[in-house]
Amino acid sequence: MAGHQTYEEQKALVFKGLMLLGAITIVEVFIALLAKGHMIHGVEFKHGFGHYLYMALMVAFSLYKAYFIVFYFMHMAYEVRGLVLSVLLPTTLLIWAIIAFFQEGGAWGARRELIKQKNEEVVQPATGGKPTGYLLPGTTYFKG
Amino acid sequence: MADTSVTHAHETHDEVNDAQLWEGGTPPMRASYGKLMMWYFLVSDAFTFAGFLIAYGALRFSMPTWPEPDFVFASFPFVKAHWPLVFVTVMTFILIFSSVTMVRAVQEGHRENSRGVVFWMFLTILGGASFLGCQAYEWTTLIAAENMTVSQNPFGRHIADGVYLNADGSEAKNDDGSAKTFKNGESYLLHKHEGKFDVPTLRYTSGPYAGQTAQAEFGPKAFGALFFFITGFHGFHVFSGVLFLTIIMLNAAGGLYASRKNGYEMVEKIGLYWHFVDLVWVFVFLVFYLL
């Protein structure tokens, strides 16, 4: 709780929060539009390193906004350690959820692609006219 | 139990050490029961939203193509232009403003200033209602004008370079006489014509299907379901937040919380919820619109 701050300091924090969140949002949208090729003609980051850098920046900015909202708007910065940890530690489970489910999603896509390939595969008909397969020659079998 | 340790626990913040905590009488989290339970409710709600957003990621990763947000979310009220992401940025700003006014309401509550609480909460409610109005516009455009539903997504992307064909199989031409071509990864929207989707025929000129004729396909249909469920679930949080804010504002105006003499703690609790709604929007904005 903001028991440590004067009223003037509290109001200053609100103004700072508004400026910070607004500025980060504008920067985020600008970078997203730049990466998608809407800002400068011929400049886009849709593949390779530039694309990964753009995605990492988006995630980093969003995490910072989340940190600011939780710690200053929701006063988490002024709560006792036990409360902070009991709220924040469980959310680290999400790190594994993200890794596991994104990998799972990638596997679904790979499997679907494989099935599509197999469906489109042209199977060559067997040559020679007679069915061959894995049968051994007729003489091999015991004829009683 | 001393009454000061419950209602104004934060003021004794620095004076209580661990040994004294074990003596009892001081809540270990130094927060009231209601506030603590609001935090834990928000933790559980965060997991619900995380589950939805992770499902979005998993399904997106499983598809060879996915609609581009800057193509899908480009309409703006009263303007017939392609303005990618501008409208959702406006929505984001509305939520940021309403979060800021909520902080002010909580601060005035700590000062036991009833008029301030009601004034800033009223602005917060206006922000929440404006956000809902924007979302109604966004949904209406997608459903009524662009024909997206939970089970149908007309926003697709080409998987290779190619050219559009006329009904007789000849190459379609633009108005200036050049061939009507498309590039790999280019977005398109299938339009409805007299109640039926107008699905263009095309021929690929690159990639594994080069030379083959095909029909343009619908985009991954999970996109529509995910969009309406996730933004709908968030919108429902905003809606219920507006309802609770209204009830609490009326109670504050009626002097109920002043008589409790606990620094308008109810305003603080609904404030936590309201900031959480803004927090979730940060990630909905990231996942649906920025990436």
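Modeller: Let us begin with domains, whose bounds come from an automatic or database domain assignment. Keep in mind that this is a predicted model.

Colleague: Which domains does the assignment give for chain B?
Modeller: Chain B has domain 1 (1-30), domain 2 (32-150 + 222-290) and domain 3 (155-215). Notice that domain 2 of chain B is written as two stretches, 32-150 and 222-290.

Colleague: How do I describe where domain 2 and domain 3 of chain B sit relative to each other?
Modeller: Start with their centres, taken over C-alpha atoms, which are 39 Å apart. Then look at the contact: 10 residues of domain 2 of chain B touch six residues of domain 3 of chain B. On the domain 2 side, these residues are six nonpolar, two polar and two charged.

Colleague: What does the assignment give for chain A?
Modeller: For chain A there is domain 1 (1-74) and domain 2 (78-106). A distance of 21 Å separates the C-alpha centres of these two domains of chain A.

Colleague: Now the two chains together. How are interfaces usually sized?
Modeller: Often the size is given as the accessible area lost when the parts come together. Here we can count residues instead: 44 residues of chain A are in contact with 41 residues of chain B.

Colleague: Which element of chain A gives the most to the side that touches chain B?
Modeller: That is helix 1 of chain A, with 12 residues. The elements giving two or more residues to this side are helix 1 (7-35), helix 2 (48-73), helix 3 (81-91) and helix 4 (93-120) of chain A. Sorted by class, this side of chain A has 26 nonpolar, 12 polar and six charged residues.

Colleague: Next, helix packing. At what angle do helix 3 and helix 7 of chain B pack?
Modeller: Helix 3 (residues 33-61) and helix 7 (residues 222-253) of chain B pack at about 165°, and their axes are 10 Å apart. Because angles over 145 degrees count as roughly antiparallel, helix 3 of chain B is roughly antiparallel to helix 7 of chain B. Their crossing is left-handed. Helix 3 of chain B brings F52(B), L53(B), Y56(B) and L59(B) to the contact, and helix 7 of chain B brings A222(B), L226(B), F229(B), I230(B) and F233(B). By class, that contact has nine nonpolar, no polar and no charged residues.

Colleague: And how do helix 7 and helix 9 of chain B cross?
Modeller: Helix 9 of chain B covers residues 265-290, and its axis comes within 10 Å of that of helix 7 of chain B, crossing at roughly 160°. The two are therefore roughly antiparallel to each other, and this crossing is left-handed. Residues in the contact include H234(B) and F244(B) of helix 7 of chain B, and W274(B) and W281(B) of helix 9 of chain B. This contact has 17 nonpolar, four polar and no charged residues.

Colleague: Last topic: how do strands of a sheet pair?
Modeller: Strands of a sheet pair through backbone hydrogen bonds, either parallel or antiparallel. In chain B, an open sheet of four strands has the order 3-2-7-8, with antiparallel pairing. Strand 3 (181-182) and strand 8 (213-215) of chain B are the edge strands, each pairing on one side only.

Colleague: Over how many bridges do strand 7 and strand 8 of chain B pair?
Modeller: Three bridges join strand 7 (residues 201-204) and strand 8 of chain B in the antiparallel sense. To see one, find L202(B), whose bridge partner in strand 8 of chain B is A214(B).

Terms used:
Residues are numbered from 1 along each chain as its sequence is written. Chains are lettered from A and ligands numbered from 1 in the order in which they are written. This is a predicted model: local features need pLDDT of at least 70, side-chain atom pairs count only at pLDDT 80 or more; totals for chains, interfaces and linings use all residues. Two residues are in contact if their C-beta atoms, placed from the backbone, lie within 7 Å. Ala, Val, Leu, Ile, Met, Phe, Trp, Tyr, Cys and Pro count as nonpolar, Asp, Glu, Lys and Arg as charged, and the others, Gly among them, as polar. Axes are lines fitted to C-alpha atoms, for helices over the stretch in contact, and angles run from 0 to 180 degrees between N-to-C directions. Angles under 35 degrees count as roughly parallel, over 145 as roughly antiparallel, 65 to 115 as roughly perpendicular and the rest as oblique. A crossing is left-handed if the near helix is turned anticlockwise from the far one by less than a right angle, and right-handed if clockwise. Two strands pair if DSSP finds at least two bridges between them.
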